[in-house]
Amino acid sequence: YRNNYGHLYNYYAVSSGKLCPVGWHMPTKQEWGTLIGYLGGFNTAGGKSKESGTSHWTSPNTGADNSSGFTALPGGYRTDEGLFRQVGDTGLWWCATVHDVVQMTYNSSSASFLWVYEEYGASVRCVKDN
């Protein structure tokens, strides 16, 4: 799993300040929103961010062209009971604020914000400080 999709972290790890290297930080919901806006808005940002093809994403991987270079992978999520869900179908990335994640799915070119429990595991992307 980790070789393909990386680690999934709960919000306690995200908020610890230990995941991003020095000079980098966990993106805020506003920073995610800026990226989504730059990529044309919620309806197209997922497709422009997702790895193209179906090597990792379930078919049809709608709209995926990775034109942003983000190469989003569908790591799914980990429940508070330790179960891995929606691997191959969904990618979730934490925002710096509790309960907020960005979601992308195999059957949509959109990106959306989603509320999740802080105990759940999701992917992270760090952002370089200005």
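Start by selecting cysteine 95, which at 0% relative accessibility counts as buried (under 20% relative accessible area, with exposed meaning over 50% and partly exposed in between, using a 1.4 Å probe and protein chains only). The model is a predicted one, in which local features need pLDDT of at least 70 and side-chain atom pairs count only at pLDDT 80 or more, while totals for chains, interfaces and linings use all residues. Residues are numbered from 1 along each chain as its sequence is written, and side-chain values use heavy atoms, with hydrogens and water left out.

Next, select cysteine 20 and cysteine 126, which are joined by a disulfide with an S to S distance of 2.2 Å (a disulfide being a pair of cysteine sulfur atoms within 2.5 Å). The torsion about their S-S bond is about -90°, so this disulfide is left-handed. Cysteine 20 is buried at 15% relative accessibility, whereas cysteine 126, at 25%, is partly exposed. Cysteine 95 is in no disulfide, and the nearest cysteine sulfur, that of cysteine 20, is 13 Å away.

Move on to asparagine 61, in the loop between helix 4 (42-49) and strand 2 (77-78), where helices (H or I, at least four residues) and strands (E, at least two) are DSSP runs numbered from the N terminus. Asparagine 61 is buried, with a relative accessible area of 4%, and its side chain makes a polar contact of 3.0 Å with that of lysine 50 (a pair of N or O atoms within 3.5 Å; within protein, one must be able to donate a hydrogen and the other to accept it, and residues adjacent in sequence count only if both atoms are side-chain atoms).

Finish at phenylalanine 84 in strand 3 (residues 84-85), which is partly exposed at 45% relative accessibility.
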